[in-house]
Amino acid sequence: MSEDARRETRGRLRTLGGPLAAFGLLLVLIGAVALWVGTNAHRLITGETATVRTLERCAEGVGTAPAGSCGSEWVFPDGSTGHGEIKNPPVAVGDRIFAGDDWAYSSTAPLHRAVWLPGALLCLLVLGAIALAIGYRIDTRRARAAPPPTAPPQPTRHQPPGPGPTA
């Protein structure tokens, strides 16, 4: 490979560096949001209604917020039990909750918020990535198709009126 070809390749890589870094960061963000949404969606799909059997302890909330979670045991309609933290209390023994084997929420509302709001953000991120890719593609095609810029016209020198050249 000649030195000119190497320089041209390095120049192209520098030019692509910014868009590729932005696109890579966008993909990482999309993956993180998808993982968050997927985990909560799985809970929303697989969870079921249960009844609180015991309450062990409730963690104090931060500042003026209510308690964040309570250790508990619950029983499902089929008689099986689960235990763990109940998110978004207050709950009392005998209350109906939405739970899995080792997780529970006082209702399905926090799970719906954790699925639908980030899900909408995920859709916006994917659409943004597509728009960036299409815009980049259009810009590179225009740059290749455009004729090279022409030099600006040189101003004509102004000759003061006079007798002209002398011989």
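Hi everyone. When I say that two residues touch, I mean a contact with heavy atoms within 4.5 Å. Please also keep in mind that this is a predicted model.

With that in hand, let's start from Leu111. Leaving aside residues up to four places away in sequence, Leu111 touches Asn40, Arg43, Leu44, Phe98, Trp103 and Tyr105. Leu111 also matters for our next topic, the largest nonpolar core, which has 13 residues. Ile30 and Leu111 are the ones with the most contacts inside that core. Which elements give two or more residues to this core? They are helix H1, covering 3-46, together with S5 and H2. There is also a second, separate core, this one of nine residues, and Ala50, Trp74, Ile86 and Ile97 are among them.

Now to the strands. Strand S2, residues 69-75, pairs with strand S3, residues 81-87, and the two run in the antiparallel sense over seven bridges. Is S2 mostly covered or mostly open? It is mostly covered, with five of its seven residues buried.

S3 has another pairing to show you. With strand S5, residues 103-105, S3 pairs in the parallel sense over three bridges. One place to look is Glu85, whose bridge partner in S5 is Trp103.

Last, let's go to the surface. In soluble globular proteins, nonpolar side chains tend to be buried together. Against that background, have a look at helix H2, residues 109-145, where Leu124 has its place. Leu124 belongs to a nonpolar patch on the surface, along with Val126, Leu127, Ile130, Ile134 and Ile138. Together these residues have about 540 Å² of accessible area. Why do we call Leu124 exposed? Its relative accessible area is 59%, and exposed means over 50%, so Leu124 counts as exposed.

Definitions and conventions. Residues numbered from 1 in each chain as written. Predicted model: local features only at pLDDT ≥ 70, side-chain atom pairs only at ≥ 80, totals over all residues. Heavy atoms only, no water. Patch = residues over 30% accessible without salt bridge, like charges linked within 9 Å, V, L, I, M, F, W, Y side chains within 5 Å. Areas by Shrake-Rupley, 256 points an atom, 1.4 Å probe, with all protein chains shown as cover. Salt bridge = Lys/Arg side-chain N within 4 Å of Asp/Glu carboxyl O. Helix = DSSP H or I, 4+ residues; strand = E, 2+ residues; numbered from the N terminus. Buried < 20%, exposed > 50% of the residue type's maximum accessible area, 1.4 Å probe, protein only. Pairing = 2+ DSSP bridges. Core = buried A, V, L, I, M, F, W, Y, C linked by side-chain atoms within 4.5 Å.
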